[in-house]
Amino acid sequence: MRLTNTGALGVAVGYPLDTVKVRIQTQKQYSGVWDCVRRLCQNEGVNVGFYRGMSMPVTTVSISSSLVFGTYRNVLNRLHALRDRRAGDAHHKADIFLAGFAGGVAQVSVMSPADIVKVRLQCQTEGLGSVRSDSKLKYRGPLHCVLSIARHEGLRGLYRGSGALALRDGPSFATYFLTYSTIRDLLSARGQHSEWTVILFAGGVSGMCGWAVGTPMDVIKARLQVDGMNRQRYRGFIHCITDSVKTEGPAVLFKGLSVNCIRAFPVNMTVFATYELVIRVLRTVS
């Protein structure tokens, strides 16, 4: 429950930056992060512009977090047992990497429909002129967005970009958990609980490293998800990559990286602190 609450808090705190990130990844009218922030404030207002679509990730974060961390722990323990190691022995780094990869991929089935709704709501700007009327918007809210996509694009439409999402979250979470474990082990005394400063630092850095690996596929995922809102530009995953790189250069694959890293440090500090707290409480109880 604490991990769930922390996830929801992390979503709320980081959501304005997430909106900026999605906008600059998918819309070419912004010259940079600050230009996007300025235009959002000026044209849409803080509450409407930065927090549009937030209810969807807040609602589903408990499921996605449970799938990621639950799959990670179960796969890690299984791999540990296959190596015939005792419960108190340190986990092999390769097992941590594979367990993190499995955790990232496991959440895609739940994450993909929620994510496409979030991204489309963040990107819609129709009707946001001087008179802001939701009746002029294509999607009136998360539920209307889900039903509209399912009706016009089929159930497969809710999983548009899911391949890129899996290729983002698998390597990203593998790097995420491996980086956290490595830094925590390096900065902690052998056989002792890690200090909270170490946990906070390792959590923040691991989040940044995870996004450094995941941002290229994050860009492709977002572009595929918004493709079809008005007209369809990309024929598929490969075409999206080649067309984006051809028209905007290789740097396009790292659009939003700075925003991702700024958002990731404080959010993942909190996530891993709560995770370690829960694990220690469970070990004490058992």
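Keep in mind that the model is predicted.

Let's start with empty space. Rolling a probe the size of a water molecule over the atoms shows where empty space is left.

How many cavities of 30 Å³ or more does a search of the whole structure find? It finds 1. The largest cavity holds about 850 Å³ of space. Its lining is made of 36 residues. Closest to the centre are Val-11, Met-111, Phe-173, Trp-211 and Arg-263. Remember Phe-173, please. We will meet that residue again.

H1 gives the largest share, 9 residues. By class, the lining of the cavity has 15 nonpolar, 13 polar and 8 charged residues.

The largest pocket has about 860 Å³ of space. It is lined by 28 residues, and the closest to its centre are Ala-90, His-91, Arg-184, Asp-185 and Arg-283. Four helices each supply at least two lining residues: H4 (55-82), H5 (93-106), H8 (162-187) and H11 (257-285). Which helix gives the most to this lining? H11 does, with 6 residues. The lining of the largest pocket splits into 11 nonpolar, 8 polar and 9 charged residues.

On to the second largest pocket. Its volume is about 450 Å³. Here 19 residues form the lining. Nearest the centre lie Thr-26, Val-226, Asp-227, Asn-230 and Arg-231. Helix H1 (2-26) and helix H9 (196-226) each supply at least two residues of this lining. The classes here are 4 nonpolar, 8 polar and 7 charged.

So much for the gaps. Next, the packing.

The largest nonpolar core has 20 residues. Which members touch the most others? They are Phe-69, Tyr-72, Tyr-176, Phe-177, Phe-272 and Tyr-275. H4, H5, H8, H9 and H11 each give two or more residues to this core. H11 gives the most, with 6 residues. There is also a second, separate core of 14 residues. Among its members are Cys-123, Tyr-139, Ile-149 and Val-226.

Let's zoom in on Tyr-176. Leave out residues up to four places away in sequence, and Tyr-176 touches Ser-206, Gly-207, Asn-268, Val-271 and Phe-272.

Last topic: aromatic rings. A pair of aromatic rings is described by the distance of the centres and the angle of the planes. The count for this structure comes to 11 aromatic pairs. Take Phe-173 and Tyr-176. Their rings sit 5.5 Å apart, centre to centre, with 90° between the planes. That makes the pair edge-to-face. Both residues lie in helix H8, 3 residues apart, about one turn of the helix. Are they buried or exposed? Phe-173 is buried, and Tyr-176 is buried too.

Ring pairs link Phe-69, Tyr-72, Phe-173, Tyr-176, Phe-177, Tyr-180, Phe-272 and Tyr-275.

Here is one thing to take away. Phe-173 is part of that ring cluster, and Phe-173 is also among the residues closest to the centre of the largest cavity. Find Phe-173 in the structure, and you can look at both. Thank you.

How values were computed
Residues numbered from 1 in each chain as written. Predicted model: local features only at pLDDT ≥ 70, side-chain atom pairs only at ≥ 80, totals over all residues. Heavy atoms only, no water. 1 Å grid on protein atoms, 1.4 Å probe; cavity = no way out; pocket = protein on both sides within 12 Å on 5 of 7 lines; lining within 4 Å. Points joined across faces, edges and corners; volume = space filled by probe spheres on them. Nonpolar A, V, L, I, M, F, W, Y, C, P; charged D, E, K, R; others polar. Core = buried A, V, L, I, M, F, W, Y, C linked by side-chain atoms within 4.5 Å. Buried < 20%, exposed > 50% of the residue type's maximum accessible area, 1.4 Å probe, protein only. Contact = heavy atoms within 4.5 Å. Phe/Tyr/Trp six-rings, centres within 6.5 Å; stacked < 30°, edge-to-face > 60°.
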